[in-house]
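Here is a short briefing for a first look at a structure. Start with the sequence and the 3D view, then read the points below.

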Amino acid sequence: MNRSDKIVELLREAFPEERPQTGADERILHDASTIMKQSHAATKQQHSASKWRRIMSNPITRSAAIITIIFSAFWAYYQSVGNPTGTTTVLSLLNAAAATENAWFTGEQTVHIVNRIVIYPQHDANDPDLLLKNLESSYNDANLKALSRWFSTPRGMEFFSLDSKGDRHNHHLELVDPQGGD
Amino acid sequence: MNEEKELIRRFNAGQPQALHCIYERYKVALSRVARALLNDPTGSEDVLHDVFVQFATQTGRFCLKGSLKGYLAICVANRARNVNQQGRPVDPERLRAARTLHQERNHPVQVAQRSELLQTLISALRQLPEEQRQVIALHVLGDLRFREIAKMSKVSIHTIQSRYRYGLQKLQARLNGELER
């Protein structure tokens, strides 16, 4: 055994294999396990957020993304410059809609407007009692026609209203046949 | 090696049992290295504590090329160096008590004959430059190969071998003729 071997042997003897004390074992394992659980939970949370970062860590992907952004910026710029009015896309659409509307109403096209008609009853206009009274007071063609129209009209809607005194008045809404004239 | 890979996989999966296995497997060797490198060997448990707590923070992203034992031993060596650099005063009473305990427990008969020699050797080891002391402790007490130490320390293998050789020569010179006895 040479001198080096002797020193190695002495070193091993000077520092024999010793297990840490039980208390130390427990303390180390407890602390390390706690830290490990916390770190693992934090790593899990970061995992989803770091996906994009990991994708972008690849230089090829990063370069492709930069090229795409630059290309899109140029394309958008030339699109807006190429438009003769020089307006943005939304304004262009509004202008086109306004021009179409003007063309419809100034030209010879037929424009159908669909609207909602709100009917308000004309007070006592078709009240049969009133028609009878009118006819009794002055017997003429107009009052007679009004009463006969009330009887003979094929389409209509009966409804009533109450006046300020609470008296009921019956009404008849007549729908005039456009083919039949009066 | 495959067993180590499996342990690391389980460790990265967040299984505390894997951490326990790693600790149980390497604690003796790591404790030995820590005791050899610390100026105050009673702090070896604190060094182990710090190293394993730091190791635990790497769960989920730990990646290793090489042996786990080598990695942990280098961590212990670095931590021991930091503790030594902090220059905590060594309590001579604690040191004496630790040595006496160790002597009585392991070598009750021979301790009287070899005590002086071992004390001289330990003292000589503590006076070596940090790098040489580290290589000797990792190679002799941690059973790491020179190549492994070089890889983990990111130093060439020739440098590591030189440090070892010079360190041993200095120890021989310190012990002088006491080796012949």
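What share of the contacts in chain A with a separation of 6 or more comes from residues 24 or more positions apart? The share is 23%, where a contact means heavy atoms within 4.5 Å. This is a predicted model, in which local features need pLDDT of at least 70, side-chain atom pairs count only at pLDDT 80 or more, and totals for chains, interfaces and linings use all residues. Residues are numbered from 1 along each chain as its sequence is written, chains are lettered from A and ligands numbered from 1 in the order in which they are written, and side-chain values use heavy atoms, with hydrogens and water left out.

**Confidence**

- The model scores ipTM 0.76 and pTM 0.56.
- Chain B has an average pLDDT of 82, pLDDT being the predictor's confidence in each residue, from 0 to 100.
- In chain B, 81% of the residues score at least 70.
- Where pLDDT is low, the predicted coordinates should not be read in detail.

**Chain A**

- Chain A holds 7 helices and 2 strands. Helices (H or I, at least four residues) and strands (E, at least two) are DSSP runs, numbered from the N terminus.
- Along the sequence, the pattern of chain A reads α-α-α-α-α-α-α-β-β.
- Chain A has 182 residues, and 18% of them are buried. Buried means under 20% relative accessible area, exposed means over 50%, and partly exposed lies in between (1.4 Å probe, protein chains only).

**Where the chains meet**

- Chain A brings 31 residues to the contact, and chain B brings 48 residues.
- About 4,000 Å² is buried between chain A and chain B. Buried area is the accessible area (1.4 Å probe) that two parts lose on being put together, summed over both.
- Carbon and sulfur atoms give 64% of that area.
- A:Phe15, A:Glu18 and A:Met36 supply 19% of the area that chain A buries against chain B, more than any other three residues.
- The interface has 11 residue pairs in polar contact, both residues at pLDDT 80 or more. A polar contact is a pair of N or O atoms within 3.5 Å; within protein, one must be able to donate a hydrogen and the other to accept it, and residues adjacent in sequence count only if both atoms are side-chain atoms.
- On the side of chain A that touches chain B, helix 1 (3–14) and helix 2 (22–49) of chain A each supply at least two residues.
- Helix 2 of chain A gives the largest share of that side, 14 residues.
- By class, that side has 14 nonpolar, 6 polar and 11 charged residues. Ala, Val, Leu, Ile, Met, Phe, Trp, Tyr, Cys and Pro count as nonpolar, Asp, Glu, Lys and Arg as charged, and the others, Gly among them, as polar.

**Salt bridges**

- Over all chains, the structure holds 8 salt bridges. A salt bridge is a side-chain nitrogen of Lys or Arg within 4 Å of a carboxyl oxygen of Asp or Glu.
- The interface of chain A and chain B has 4 salt bridges. One of them pairs B:Arg32 with A:Glu17, with the closest N and O atoms 3.7 Å apart.
- B:Arg25 and B:Glu3 meet in a salt bridge at 2.8 Å, N to O. This pair links distant parts of the chain, with B:Arg25 in helix 2 (residues 16–37) and B:Glu3 in helix 1 (residues 2–12) of chain B, 22 residues apart.
- B:Arg25 is partly exposed at 37%, while B:Glu3 is exposed at 53%.
- B:Asp50 and B:Arg79 form a salt bridge at 2.9 Å, N to O. B:Asp50 lies in helix 3 (residues 44–56) and B:Arg79 in helix 4 (residues 68–86) of chain B, 29 residues apart.
- B:Asp50 is partly exposed at 28%, and B:Arg79 is partly exposed at 23%.
- Shared partners join the salt bridges of A:Asp25, B:Glu24 and B:Lys27 into one network.
- B:Glu24 and B:Lys27 come within 3.2 Å at their closest N and O atoms. They are 3 residues apart in helix 2 of chain B, so about one helical turn separates them.
- B:Glu24 is partly exposed at 37%, whereas B:Lys27 is buried at 1%.

**Positive phi in chain B**

- Most residues other than glycine have a negative phi.
- B:Asp143 is not a glycine, yet has a positive phi of about 55 degrees. B:Asp143 sits in the loop between helix 7 (130–141) and helix 8 (146–153) of chain B, and is partly exposed at 45%.
- B:Lys154 also has a positive phi, near 55 degrees. B:Lys154 is in the loop between helix 8 and helix 9 (157–175) of chain B, and is exposed at 77%.
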